[in-house]
Amino acid sequence: MFKKINMSIKGWIFAAIIFLLSVYFGFIHFHYAGIKMIEINFLFTNFAIYFKELVMAIFFLVVYLLFSLIPSKKFMMIPNFFLLMSAGQSLVQFYYTLPRLNILGSIAEFIITLSLLGMAYSFSNVSFEVIDNLNDSAGKNLFEKWTNRVNLSLLKHWRILTIFILIYVIFVSITVITAVIR
């Protein structure tokens, strides 16, 4: 299910730094906004949010795949930047749910964090596979080779992509966040 992404140590360090900086800036933002804690409630009936979040997750997958047209793994940190920042902010929200002892809300926010990190990992995995095997694909030009490789990679990894996207869509769509200000 999970295979090691063939990324340089500089790439892993950069990803970790981006994630930690997003957590740090999230804490600073919440502190200066005067947010003391977050209450999370659940609303299951707003189906427009389900669709909106599904479109957003698919949009990120498309962005990752478009960045795989550039035959360098270094450029993949651009879309990773946004998902890692979102995961860091979600982790900060998880922390701010703890003072209310909102166990279900905390678990939901932590699952959202893990799903964002899982989406970043699986989207990168698909994109790196496209970049690594682009020359081995059959086709006349670069776009045709890329399209063939994207199709093969998506067919190979569709289960894990679907799992992370669905977990993200469901948990983001059912949570309603209320901030308690001092």
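This is a predicted model: local features need pLDDT of at least 70, side-chain atom pairs count only at pLDDT 80 or more; totals for chains, interfaces and linings use all residues.

Visitor: Is N102 buried or exposed?

Guide: N102 counts as buried, because its relative accessibility is 12%, under the 20% limit for that class.

Visitor: And what does N102 touch, leaving out residues up to four places away in sequence?

Guide: Its contacts on that basis are E39, I40 and T97. For N102 and E39, the C-alpha atoms are 7.1 Å apart, although 63 residues separate the two along the chain.

Visitor: Which side chain meets E39 in a salt bridge?

Guide: That is R100, whose side chain meets that of E39 with an N to O distance of 2.8 Å. The pair links distant parts of the chain, with R100 in the loop between α3 and α4 and E39 in strand β1, 61 residues apart. As for accessibility, E39 is buried at a relative accessible area of 18%, whereas R100 is partly exposed at 39%.

Visitor: What about L101, what is its phi?

Guide: L101 has a positive phi of about 55°, although it is not a glycine. Most residues other than glycine have a negative phi. L101 also belongs to the loop between α3 and α4, and it counts as exposed because its relative accessibility is 68%.

Visitor: Back to charges: how many salt bridges does a search of the whole structure find?

Guide: The search finds four. Among them, K156 pairs with E129, and the closest N and O atoms are 3.5 Å apart. Because K156 lies in helix α5 and E129 in helix α4, this pair ties together parts that are 27 residues apart in sequence. Here K156 counts as exposed at 54% relative accessibility, while E129 is buried at 8%. Another is the salt bridge between K52 and E53, with closest N and O atoms 3.4 Å apart, and E53 is buried with a relative accessible area of 9%.

Visitor: Let's zoom out. In what order do the elements run from the N terminus?

Guide: The order is α-β-α-α-α-α-β, which comes to five helices and two strands. The C-alpha atoms fill a box of roughly 60 × 40 × 25 Å along the principal axes, and 42% of the 182 residues count as buried. Among contacts with a separation of 6 or more, 79% are between residues 24 or more positions apart.

Visitor: Which residues touch the most other members of the largest nonpolar core?

Guide: They are L83, L116, M119, F123 and Y168, in a core of 37 residues. The elements giving two or more residues to this core are α1, β1, α2, α3, α4 and α5, and α5 supplies the largest share, with 10 residues. Taking L116 as an example, and leaving aside neighbours within four places in sequence, its contacts are L83, S86, A87, S90 and Y168.

Visitor: And α1, which of its residues are buried?

Guide: The buried ones are G11, A15, I18, F19, S22, V23, G26 and F30, and what covers them includes β1, α3 and α4. S22 is at 0% relative accessibility and so counts as buried; beyond four places in sequence, S22 touches L84, M85, G88 and Q89. As for length, α1 has 24 residues and reaches 35 Å from its first C-alpha to its last, close to the 34 Å expected.

Visitor: Last one: how far apart are the end C-alpha atoms of α3, and what covers its buried residues?

Guide: The end C-alpha atoms of α3 are 30 Å apart, which agrees with the 30 Å that its 21 residues should span at 1.5 Å a residue. Its buried residues, including L83, L84, A87 and G88, have a cover that includes α1, β1, α2 and α4.

Definitions and conventions:
Residues are numbered from 1 along each chain as its sequence is written. Side-chain values use heavy atoms; hydrogens and water are left out. A nonpolar core is a set of buried Ala, Val, Leu, Ile, Met, Phe, Trp, Tyr and Cys residues joined through side-chain atoms within 4.5 Å. Buried means under 20% relative accessible area, exposed over 50%, partly exposed in between (1.4 Å probe, protein chains only). Helices (H or I, at least four residues) and strands (E, at least two) are DSSP runs, numbered from the N terminus. Contact means heavy atoms within 4.5 Å. The expected span of a helix is 1.5 Å times one less than its number of residues.
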